[in-house]
Amino acid sequence: MSVDIPSDILWRICNAAWVPHIFIPGDVYAESPRNEAVIKMSLASSRLRSFALALLFKEVYNWKRIAYKGGVWPSAVWPYIRIFNDRDLLDALPNLIATTQVKLRFTPDSPKGVSLPYLLAVSTLPALHTLKLQQRRFDDPKLIDVFVEMHQLSSLGLTLTELQDIPTVIDFRREVAWDQEIDVVSEILQFFSTTLVELEVSGDLIELQMIASTKWPKLATLCLVNHIPYDDYQYLPVVVSQMPSLHTLHCNFRAEMMLRHPLIFCSSAEVHPPLSAVLPDLTSLSLSNIQPRDKIVEQLPSNSKALHIVALRDHIVPDTSPYNYSGLTNADVIVWIDAAAKLPFLVRLSLGLKSAPSPTLLAHISRSCPGLEYLELEQDFFEYNENESSSLTLELFIVPLQNLLRLRELRMSVELGPSLEYLNPSGPASTPLAFVDRAQRTAMLFAEKLPKLEFIGFSCATQFILKFDRYCPGSALGWFLFKTISTKVSQPIADFPTPHSSTIHNTLLPSRGA
């Protein structure tokens with residue numbers, strides 16, 4: 001049947017039917033059937049099967065809790081695997097000769113040294129260029145010798161597995177050999193510093209002084225995550241001063257339950273060249289938990305296309321607010337919008353707010369940044385907001401948004417009533433059906449009045465939050481994300497991560513009508 005069809009046409013057909021799987025811990029849809037259309041097509045001929053295998057097994061997962069339990073993919077699919085996410089299938093690794101990306105993730109209770117045999121197997125992969133390693137600790141000197149064998153890496157991620165229990169966090173910090181861990185990671189990073197193009201690393205594992213004093217001639221993307229580094233403070237323009245190729249800079253540190261001094265990215269007394277002079281070609285900047293006195297707002301590179309000023313916190317915090325968790329006040333957000341207005345190429349804007357967005361704020365954004373294609377306005381601690389906007393207020397939101405003629409995706413904290421409900425005082429929380437219904441109806445309203453929108457998202461409590469009791473709210477809020485479609489049939493789509501890695505709910509699609 002498919003013999004006479006050109007390969008590029010067959011590829012487009014399979015690709016159109018393929019649903020990419022984005023794994024998120026706690027995803028309740030992880031075991032539901034996916035890509036049935038592609039699988040059925042693959043039964044028609046061996047030629048179609050080769051296209052289907054390349055799509056279905058391009059990226060594979062095995063976190064034990066989801067697919068492929070107790071088994072391994074047959075050898076026939078190994079040549080098609082390009083991206084490998086695993087923590088169990090050690091025997092399969094040496095056979096993945098076409099694999100270019102590997103992500104290894106180990107749980108907090110994994111014993112010390114458990115990752116070494118995996119890394120040794122990964123080091124033999126001839127096509128490997130990307131490695132993401134997430135584990136509880138990095139204070140094993142043996143890691144250095146293993147990483148040296150992977151000299152071809154151009155993309156590296158070293159991050160910590162998040163500890164959810166507060167006493168566990170405290171005990172863990174006492175037991176880790178911090179100085180040795182910093183030395184191990186420092187030696188690994190310095191080995192790759194001249195070849196890395198992308199780097200994601202936990203702030204808990206580095207010293208900013210080391211980053212600042214090392215040359216990174218090819219580094220185009222730097223993402224700093226988890227927590228603020230513990231060494232002597234270095235201002236951001238100094239930290240990135242030896243990264244001439246940097247285009248993406250994301251400092252997405254999370255506020256934590258431990259008492260820490262706030263991070264100031266740049267003070268008024270800064271004597272070094274401003275960020276705009278150090279990185280004139282920077283196109284994407286993300287900063288978390290900005291303090292009111294931070295002067296980095298005056299140093300935004302003029303070529304920026306994406307600006308994300310967000311409020312992030314640990315997944316589990318005490319009933320009191322985490323230290324330095326900081327959304328923008330009404331006055332501060334105006335300062336940032338005015339700064340964004342000076343960026344002629346800006347198309348993506350995210351702002352973390354202390355208060356829910358207002359029609360007045362949206363009007364100021366639409367006047368200042370008319371070229372936006374993506375807009376995200378998230379209220380911190382939104383899970384405690386039980387207010388419900390009137391129909392008139394919702395209509396007032398739409399008026400300024402109609403002036404953003406290029407807007408394709410909108411994510412916003414809209415007051416739709418309580419987003420959590422408790423069946424009993426000590427039981428777990430869930431998302432009320434009334435909240436889901438209001439979100440659905442509001443999405444329909446926005447889709448009708450804003451026909452160019454492709455995605456509409458509203459803040460909600462994430463699945464991660466709902467797993468724990470009411471006194472342990474979660475980290476960054478999730479989104480009920482809706483895709484506007486031209487048919488009258490609604491259908492589920494995959495999860496969409498935000499630029500600053502918030503957890504996302506599975507989504508529903510409101511229909512816009514023909």
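1. Leu300 counts as buried because its relative accessibility is 12%; buried means under 20% relative accessible area, exposed over 50%, and partly exposed in between, with a 1.4 Å probe and protein chains only. The residue is placed in the loop between S9 and S10. Helices (H or I, at least four residues) and strands (E, at least two) are DSSP runs, numbered from the N terminus. Leaving aside residues up to four places away in sequence, Leu300 touches Ser276, Leu285, Leu307, Trp336, Ala339 and Leu343, where contact means heavy atoms within 4.5 Å. From C-alpha to C-alpha, Leu300 and Leu282 are 9.0 Å apart in space and 18 residues apart in sequence.

2. On the basis of the note: this is a predicted model, in which local features need pLDDT of at least 70 and side-chain atom pairs count only at pLDDT 80 or more, while totals for chains, interfaces and linings use all residues. Residues are numbered from 1 along each chain as its sequence is written, and side-chain values use heavy atoms, with hydrogens and water left out.

3. The protein contains 15 helices and 17 strands. Of its 514 residues, 54% are buried. Among contacts with a separation of 6 or more, 73% are between residues 24 or more positions apart. The accessible surface is about 22,500 Å², and carbon and sulfur atoms hold 56% of that surface; accessible areas come from the Shrake-Rupley method with a 1.4 Å probe, and for residues only the protein chains shown count as cover.

4. Helix H11 spans residues 330-340, and its buried residues are Asp332, Val333, Trp336, Ile337, Ala339 and Ala340. These residues lie on the same side of H11 because they cover an arc of only 160 degrees around the axis, the arc being that of the directions from the helix axis to the C-beta atoms. An α-helix has 3.6 residues a turn, so residues three or four places apart point the same way. Asn330 and Ala331, on the other side of H11, are exposed. The cover over the buried residues of H11 includes strand S9 (284-288), strand S10 (306-310), strand S11 (348-353) and helix H12 (359-368).

5. Another residue in the loop between S9 and S10 is Asn289. The phi angle of Asn289 is near 55 degrees, a positive value in a residue other than glycine. Asn289 is buried, with a relative accessible area of 8%.

6. Asn226 also has a positive phi in a residue other than glycine, near 65 degrees. Asn226 is found in the loop between strand S7 (221-225) and helix H9 (236-239). At 10% relative accessibility, this residue counts as buried.

7. Leu222 lies in strand S7 and counts as buried, at 1% relative accessibility. The residues that Leu222 touches, not counting those up to four places away in sequence, are Leu199, Val240, Met243, Leu246, Thr248, Leu249 and His250. One of these, Met243, is 21 residues from Leu222 along the chain, and their C-alpha atoms are separated by 9.5 Å.

8. Thr248, which Leu222 touches, lies in strand S8 (residues 248-251). Thr248 counts as buried because its relative accessibility is 18%. Its contacts, with residues up to four places away in sequence not counted, are Ala220, Thr221, Leu222, Leu282 and Ser284.

9. Helix H13 (residues 391-401) and helix H14 (residues 433-449) have axes that come within 10 Å and cross at roughly 35 degrees. Axes are lines fitted to C-alpha atoms, for helices over the stretch in contact, and angles run from 0 to 180 degrees between N-to-C directions. The crossing is right-handed, meaning that the near helix is turned clockwise from the far one by less than a right angle. From H13, Leu394, Glu395, Phe397, Ile398 and Leu401 meet Thr442, Leu445, Phe446 and Lys449 of H14. The contact residues divide into 6 nonpolar, 1 polar and 2 charged; Ala, Val, Leu, Ile, Met, Phe, Trp, Tyr, Cys and Pro count as nonpolar, Asp, Glu, Lys and Arg as charged, and the others, Gly among them, as polar.

10. Arg408 is placed in the loop between H13 and strand S13 (409-412). At 30% relative accessibility, Arg408 counts as partly exposed. Arg408 touches Glu373, Lys452, Leu453, Glu454 and Phe455, not counting residues up to four places away in sequence.
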